[in-house]
Amino acid sequence: MKKVLAAVVSSLAAVILCVCFAACSTSITGTWKFHKASGAVQGMEVNYEVGKEINGVKITEDFVVLTINEDNTFEIKMAMMGDEPATGTWEEKDGKYYLTVEGESVEMTLNGATLSFEQEGMKLELKK
């Protein structure tokens, strides 16, 4: 019985340790892909999610791909922008993240594995 209890306790400790490392290792750097967007556009409520179809086009996670590098640069590719990605810099200030392209900054919120921002009435969520 002692061996079984020791095995269970050891397994539980290993799982707790893995969860702690995963929770603590969340970083803004890496590749973030589209999850969903919602808000109002010209007075009309919209809700786009991966897997939904809009005008016969299925939305995939590649609709928006944001790559944030450790050297404080980033690149964002958006399906609606064509093949040319936008590039810029990012910084962390007072626990908040800011992406800047051509002098315009957007505040990003990191919550676990979700990165989000709001702009012009729309909220965009990306996932790692």
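Student: Which residues is L126 in contact with, leaving aside neighbours within four places in sequence?
Tutor: L126 is in contact with W32, K33, F34, H35, V64, L66, A113, T114 and L115. Contact means heavy atoms within 4.5 Å. The model is predicted: local features need pLDDT of at least 70, side-chain atom pairs count only at pLDDT 80 or more, and totals for chains, interfaces and linings use all residues. Residues are numbered from 1 along each chain as its sequence is written, and side-chain values use heavy atoms, with hydrogens and water left out.

Student: Where is L126 found, and is L126 buried or exposed?
Tutor: L126 is found in strand β11 (strands are DSSP runs of E, at least two residues, numbered from the N terminus). L126 is buried, at a relative accessible area of 1%; buried means under 20%, exposed over 50%, with a 1.4 Å probe and protein chains only.

Student: How many residues apart in sequence are L126 and V64?
Tutor: They are 62 residues apart in sequence, and their C-alpha atoms are 8.0 Å apart in space.

Student: Now the core. Which members of the largest nonpolar core touch the most other members?
Tutor: L66, I68 and M108, out of 23 residues. A nonpolar core is a set of buried Ala, Val, Leu, Ile, Met, Phe, Trp, Tyr and Cys residues joined through side-chain atoms within 4.5 Å.

Student: Which strands supply at least two residues of this core?
Tutor: Among them are β1 (30-41), β5 (64-68) and β11 (122-127).

Student: What about S116: which strand, and buried or exposed?
Tutor: S116 lies in strand β10 and is buried, with a relative accessible area of 11%.

Terms used:
Helix = DSSP H or I, 4+ residues; strand = E, 2+ residues; numbered from the N terminus.
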